[in-house]
Amino acid sequence: MADEKIRFEAVSKRYGSLTVLDQLDLSIGAGEVVSIIGPSGSGKTTVLRCLMTLEPVDDGVIWIDGIPLNKELRSGALIEASPAHLRRMRTKLGMVFQNFNLFPHMTILQNCSEPPVYALGAKPTEARSRAVDLLKMVGMESKQDHYPAQLSGGQQQRAAIARTLAMQPEILVFDEPTSALDPETIGEVTEVIRALATKHSYTMLLVTHQIDFARDISDRICFFDKGRIVEQGPPDAVIDSPKETRTQQFLRKVAKAR
Amino acid sequence: MTPRPTAMLIPIAFLGGLYFAVFSNVASFLPALLNGLTVTIQVAIPSAILAYAISVAAGLGRLSRNAAVRLMSGAYVEIFRGVSLLVILFWLFFVLPEFGLTLSPYVAALLGISLNAGAYGAEIIRGAVQAVPRGQYEACVTLNMPGWRKYSRIILPQALIIAVPALTNMTIELLKGTALVSAVTLVDVTAAGVRQNQLTYRTIEIFSVLALIYFCLSQVVRFAGALLETGFNRHLRTGRS
C-alpha cells in the first residue's frame with residue numbers, strides 16, 4: 001500500500017443511546033479507491049459525514065496525511081479542532097452528495113466557478129476556465145448555462161462532481177451518488193466516477209448499493225454492519241467468497257433484489 | 001318574463017343621478033387628498049425599505065451563534081411585535097423628547113412603522129432561512145464557503161424566494177399602517193380625508209375615494225410581489241430542456 005492518506009482511529013459516533021460508529025479503525029492509502037457496502041443503518045454514510053466534518057465525532061481521531069482532522073495539536077496535546085483548523089483541513093476533501101445539493105439559483109457554470117473564488121481566493125477568470133474544462137470532462141459543457149432544475153438527475157450529479165473537483169481536493173467522498181437517479185441515468189454517472197478512479201490519482205471513498213460497480217472500480221471493499229467493519233479486502237475476496245456469515249447474508253439479499 | 005327596456009332605464013337613470021349628486025364635488029376635496037397621498041407614499045416607501053433591512057438583520061440575528069445577538073434580536077421582535085403601532089408612534093414622538101431626543105414627525109413615523117413591520121419581517125426571514133434545505137448548508141460546509149458568502153450568495157437568495165409571499169403581506173400591512181401617522185401630526189391621505197370631511201361634509205365620497213386609494217396601493221404591492229415571485233422562480237421550475 002502506498003502512503004497512508006486517511007486513518008480512522010477508534011472513532012465512535014453516537015446519537016443518544018444509538019451507537020452508529022463503534023470504535024472504528026480504518027486506514028486508506030493515497031490513491032486507493034475504497035467502497036463501503038452494507039445494510040442501511042450500518043453507519044456507512046456516517047463514516048463519510050464524520051470525515052467531511054459534517055458530524056462531530058464523539059471519540060477517537062481521524063487523521064489526514066498524518067494531521068489530526070477533528071483535533072488540533074496545541075503544545076503537545078490534542079484538543080478539539082477550531083473552525084479555522086477544520087476549514088484548512090477541508091481543502092483536501094471533496095464530497096459528492098446523494099441529492100447533488102447543487103445551488104438551484106445558479107447556473108451549472110456558476111455552481112462550479114464561484115465556490116473556488118469565495119473559498120480559495122481563485123481569480124474569477126481562472127476559476128471560470130477551470131470550471132469549463134471540468135464540465136467538458138464530465139460531458140456537461142453544452143449545459144453550462146442551464147439551471148439545475150432544467151437538468152436530469154444524472155446531468156445534475158455530473159455537474160455536482162465537476163463542482164467538487166473545482167475545489168481541487170485530494171480526497172473524493174461519494175455518498176450513494178447514484179441512489180437518487182433514474183435507472184437510465186445511472187450509467188452516465190458511474191462512467192464519470194470510473195474515469196476518476198482509473199485515470200486520476202484521487203483517494204476515493206465511496207458508499208454505494210451498486211455492488212457490481214463497487215467491484216469494478218475499487219481496490220478494496222469494506223462491509224459494514226452495526227457501526228463496525230465486519231469484513232474487508234479485495235473486491236473478489238469480499239464479494240465472491242465472503243468469509244463472514246453476515247456478509248454472505250447481505251450479498252445474497254442484494255443479489256436477489258437485482 | 002323579460003323586463004321591458006324602459007323599466008331598465010329607471011334604475012340606470014337613478015344610479016346615474018346618484019353618481020352626479022355624489023361625485024360632482026370631487027374636485028373640492030381631491031387635491032387635498034392627493035397631497036395627503038404623497039405624504040403616505042413618502043412615508044411608506046422608505047419605511048418598507050428600512051423594514052426589509054431590519055427584517056434581514058433581526059431575522060439572521062435570531063439564528064446567530066452568538067447568544068447575546070440572539071437575545072437582543074428576540075427582545076426586539078417581541079417588543080415591537082407586541083406593542084401597538086400607535087403606542088410606538090406616541091413613544092417615539094412624545095416620550096423620547098422627555099429623555100432629550102426629539103424626532104421630527106416624519107422621522108418618528110418612518111422609524112415607528114419600520115420597526116413595527118421589521119419585527120414581523122424578522123420572523124418571516126427567520127422561517128425562510130430555516131426552510132432552505134439542509135443539503136444546501138452541507139454543500140456550503142464541504143465547499144468551505146466563508147460564513148458571510150454562504151449567507152449572501154447561497155442561503156439568503158434562496159430564503160428570499162421563499163419569503164416573497166409573506167413579505168408582500170407584510171408590506172401591505174405596513175402600507176395600511178401608515179394611516180396612523182396623523183398621531184404624530186403628519187397629514188397623510190387618511191388625515192387629509194378626515195380634515196376634508198370636516199370642511200366639506202362629503203362623507204360618502206371622501207371615504208369611498210380613500211378606500212379606493214388604499215385598495216389600489218395594495219394592488220400595486222401585490223402585483224410587484226407577484227412579479228418578483230415569478231422572476232425569482234423562473235430557474236427553479238422543473239422542466240427539462
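1. In which helix of chain A is Arg163(A) found? Arg163(A) belongs to helix 5 (residues 153-166) of chain A; helices (H or I, at least four residues) and strands (E, at least two) are DSSP runs, numbered from the N terminus.

2. The model is predicted: local features need pLDDT of at least 70 and side-chain atom pairs count only at pLDDT 80 or more, while totals for chains, interfaces and linings use all residues. Residues are numbered from 1 along each chain as its sequence is written, and chains are lettered from A and ligands numbered from 1 in the order in which they are written.

3. Arg163(A) is buried, because 30 other C-beta atoms lie within 10 Å (the term requires 20 or more other C-beta atoms within 10 Å, with C-beta atoms placed from the backbone). Leaving aside residues up to four places away in sequence, Arg163(A) touches Asn111(A), Cys112(A) and Pro115(A); contact is defined as C-beta atoms, placed from the backbone, within 7 Å. Asn111(A) is 52 residues apart from Arg163(A) along the chain, yet their C-alpha atoms are separated by 6.4 Å.

4. Within chain A, strand 3 (residues 33-37) and strand 11 (residues 220-225) pair in the parallel sense over 4 bridges. Ser35(A) stands opposite Ile221(A) in strand 11 of chain A.

5. The contact between the chains takes 25 residues from chain A and 22 residues from chain B. Helix 3 of chain A gives the largest share of the chain A side, 4 residues.

Definitions and conventions. Buried ≥ 20, exposed ≤ 12 C-beta atoms within 10 Å, placed from the backbone. Contact = placed C-beta atoms within 7 Å. Pairing = 2+ DSSP bridges.
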